[in-house]
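Work through the exercises below with the sequence and coordinates open. Each task is followed by a solution in steps.

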Amino acid sequence: MITPGIVLLVPIAAPILAAAAYAVAGWRRASAWLGAGAATIVLCAAITLATTVSRSPLVGMGGLVRADPLSAFMLIVIGAIALLATAATPAYFAAEIAAGRATARTAARHSLLVALFVAAMSGAVLAANLGVLWVAIEATTIITAFLVGQRRTRPAVEAAWKYVVICSTGIALALLGTLILNYAATNSPARAGLNLAELTAAAHGLDQPVTRIAVALLIIGFGTKMGLVPLHAWLPDAHSQAPAPVSALMSGVLLSVAFYAILRVKAISDAALGSGFARALLLVMALGALTVAATLLLAQRDYKRMLAYHSIEHMGLLALGAAVGTPLALAAVLLHVLGHGLAKAVLFLGSGRILQLTGTTQVEQVRGLAGTDPVLAGCVGLGVFALLGFPPFSLFASELAMFRAGYAAGLGAVITLALLLVLVITAALFAHSGHMLLGNPSPALIEPHPAPGPERSDVATASAAPTPTAITTAVFTAPATTTTLAPASAVAQTAAPAATSAAASAARTPTSTVIVLIAGLLTCAVLGVAAGPLAQLLHLAADTIAATP
Amino acid sequence: MTETLYVQLLDLACGGLLLGAVLVLWRRELSVIIRMFAAQGVALAALVAVLAAHQRSVDLWVVAVGLLILRASVLPLLLARALTAAGPARRETRPLVNVAASLLAAAVLALLAYAVSRPLVALAPSPATQAIPVGVTVVLIGFFVLVTRRRALSQLVGFLLMDNGITTVGFLTTASVSLVVELGVSLDVLLAVLVLRILTARIQETFGDADLDELAELHD
Amino acid sequence: MTALGVVGGIAQPVLIVAGSPVLVGVMRQVRAHLEGRAGAGVGQPWRDLRKLFGKEAITPAGTSEMFRAAPLAQVATTLVVALAAPFVTTDSALGVISDLFAVVALLAMGTTVLALAGLDTATAFGGMGASREMTIIALVEPTLLVAIFALSVRVGSTNLTDIVSATLHDPARVASPVSLLAAVALVVVVVAETGRLPVDNPSTHLELTMVHEAMVLEYAGPDLALVELAAATRLAVFLGLLANLFLPWGIATELTPIALAVGILALVVKVGVLGAALAAAEVFMAKLRLFRVPELLAGSFLLALLAVAASFFLA
């Protein structure tokens, strides 16, 4: 009989086993899907846990791991988005290897690190002890450092360096906060340790000035990993330079895991210091994040950086919701975590595909995607709608609930300011993505992306170019001759037969990627209409944090 | 161990920590900075050893030996290897804030650390907790070095100084931090340094010199 | 004003004025010996002073009273410090003057007066030396005050005699971080105030590298003798303060001939050893470039400040 304690270890053990398999087997047709398999196991274990812990929390492994409704929900988030990212990885790497930008060894190492990354994140949300939580989050920084710097280009190395230095500094501040909280706890009447449940229960006996210092350090430290002001400068660089599946995971999940840590700290802080302190701190950081995102999104020229700044905005919204602190706000915040994670993962995977098609990350040079690849453009467009909070996607429901809760809690001025900033960001994102999806296709989309010869011709001859796409590209190469691209089009015309078939085969988004994108969007939409059994879990999880006087 | 001897040795170890931090801020030659960091590691291990002798705790003795190996030998060795691979430039020539001003800023940071740690000392006054401001000063000085130096190795040493300071505060506040957590922290420090070392090497390859002033391509 | 203090007040200035040129002679001999030269002998500074006192008193045209008064003022202030501070006895002849702030103010006045005299000559080198000296002093005075203040926090009084007595009664205090940090800071201060390497080269003949020598370029005859005597006594006073603040053993605490003799002997030995050590260290050091000197001084200021902070919070 499977004891409950074992279920707690599965989400951590399964990805570690997958990583070991990658170390041994490398990247092959069969092993490519191991990562997705591990993610599925994590998701299933998460759902099992969710049903088990709705009555009472589950503790295992000598008190080092613990699952309550909040951890179960976060585990679902991790599992779902990891599944999306790892399911899109085989197609992503197939295209990268075909283009000569990666080797099978790179792909194997990537999948190994991603599996370890998922294991570390699962460990963080299942940690029963603040110290273990810290160790797990630090582990994610170290693992992702190599993932961010995977392509050995100058910007990638610079991004990796900034990422490690800034995040390690933030995490070091969080460690100082942990140690000071431990000090306050051992000197309190209840003599608690760093065990989260004990600490939350004994929090009202903690010395106030010392706890204030500890909580401030912890929130600022974990806020660094979440992308909140002031130590947010690493986020746009790291998320834009990392490969697409990694960006999806980092933006979608890692930021939320850091937010989970902040939620746990907030529970302790509210019990010890009253809700005012954490609320004020989170409000300041949230407004700072929204302002930074709004000002820097307007002039953004790189679409991956644009998505990264947009993540900062949503993290600001999460912090805002957490600052409000009522059960309704917290439930909305948790739903937002899931919705944002899904939509952001879809967009990053889509943008990774756009990068592979066009070879550029500049918004200016990508135009008319709807003409060349309607499916991809449709998914990206719907993803943008989802992120901007349009119904039926779940972000609409969660943002609405958050703002309502904010007004109800008396934070009207702050919420109005936040809404204005969100409006600015919406306009910016609309403008940039509209530019990319609509209009006549840009040269970057029409001309074949440069690639080594032999593999490309093999692919061209092997696949019979699907006629609809060939006709559309032929139709669009005609107007191109009338533009100022005359000399280039002459070259394009002479190389047209091979070019069109090559472009055709390259422009066709792989089926697995499309399935992943559509699955993500569908889940987001379904959640927006009816949360189903998830609703009860959300309310239980919200009560875990808000259940303080 | 008598009480006065304990207090004296504790204070001497803290003085050594402070002096190490000041000398890292003061000197320009990278090899000297690394040696000062190693000396500070020895002072930290001595501090934990004094605490261990006072509390007669075997755990703490083990941790003291571990700290001596990790922070006084392994980490400086790694840094020295990175230095030899770094090329001819061996000095921090143009820090963001010049040396005289940084030393005066460190004085201000010391006062700030003292002010901030007052509630911490007031919670449980004892000779050990009265030395907490020393740890906080080292953290602040490490942060300052991290932010104002241009060379990758100097920034790395600044980060490690911060970590030394945090470890000091940890051991002075409660000597009973769980062994698991201490192991985890040490492992993370080691891995962070390894990662940064590898990244320094990559920066060397791609940029030609580990002067982080060159890293200005990603900006808005 | 106790009897011990009075006796000390008589013995100390005599000893210091008579002995400081000998100290300078010893330092020059040590340096010569280490550099492989024969040296001029320990009594050469006294022979130079005797020669200079016998010369005609002459002042450059265009200088004012400041120029003639400065050497006298310097010797006077240093003599007062020699009288008041605890060198041979723990009691002071002028009780109030042995306070930290009074001593530092007197010594600073001596330096400032000489800088003014350097400006008074209206020559380029005089002005250059004066401005360099004031830059150094601006950084050194706070360090001097703060470092000795750190020592005084534990004692509860800024009077130097009280500090020395307290250290005598509690020898273990010398091994605390407060003492050690203050000691390092004070060594740098002494080097800077007395114009020794690596801040200033006392035996240089290149005007552009001079600090102290540049200010006194125009002096000749008895005035120059007074200037040299003042420099020697300042050196002896600073080294004496350094020795007695940290290693006060041997100082006379009671009015008996034995105690006084031991006190005099202890002072001579300690100052002699410190001077020889300073001279030996100079052989291995090069002069710092002028714009690097503020770094050194800022570092010593930081150490002094850390000593004060440590004295407040360390047990």
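The exercises concern a predicted model and cover a helix pair, a chain interface and a salt bridge.

**Exercise 1.** Classify the crossing of helices α9(A) and α12(A) as parallel, antiparallel, perpendicular or oblique, and give its hand.

Solution.
- Take α9 as residues 234–241 and α12 as residues 303–324 of chain A; their axes come within 8 Å and cross at roughly 135°.
- Angles over 145 degrees count as roughly antiparallel and those from 65 to 115 as roughly perpendicular, so α9(A) is oblique to α12(A).
- The crossing of α9(A) and α12(A) is right-handed.
- On the α9(A) side, the residues in contact are L235(A), P236(A), D237(A), H239(A) and S240(A); they meet K304(A), R305(A), A308(A), Y309(A), S311(A) and I312(A) of α12(A).
- Sorted by class, this contact has 5 nonpolar, 3 polar and 3 charged residues.

**Exercise 2.** Describe the interface between chain A and chain B by its buried area.

Solution.
- Chain A contributes 43 residues to the contact and chain B contributes 42.
- The two chains bury about 4,100 Å² between them, with 74% of it on carbon and sulfur atoms.
- R154(A), W161(A) and Y183(A) supply 21% of the area that chain A buries against chain B, more than any other three residues.
- The structure holds 17 salt bridges over all chains, but the count between chain A and chain B is 0.

**Exercise 3.** How many residues apart in helix α10 of chain A are D270(A) and K266(A)?

Solution.
- The side chains of D270(A) and K266(A) form a salt bridge, at 2.8 Å from N to O.
- Both residues lie in α10 (residues 244–273), 4 residues apart, so about one helical turn separates them.

Definitions and conventions. Residues numbered from 1 in each chain as written. Chains lettered and ligands numbered in written order. Predicted model: local features only at pLDDT ≥ 70, side-chain atom pairs only at ≥ 80, totals over all residues. Heavy atoms only, no water. Axes fitted to C-alpha atoms, helices over the stretch in contact; angles between N-to-C directions. Helix = DSSP H or I, 4+ residues; strand = E, 2+ residues; numbered from the N terminus. Parallel < 35°, antiparallel > 145°, perpendicular 65-115°, else oblique. Left-handed = near helix turned anticlockwise from the far one by under 90°. Contact = heavy atoms within 4.5 Å. Nonpolar A, V, L, I, M, F, W, Y, C, P; charged D, E, K, R; others polar. Buried area = accessible area lost by both parts, 1.4 Å probe. Salt bridge = Lys/Arg side-chain N within 4 Å of Asp/Glu carboxyl O.
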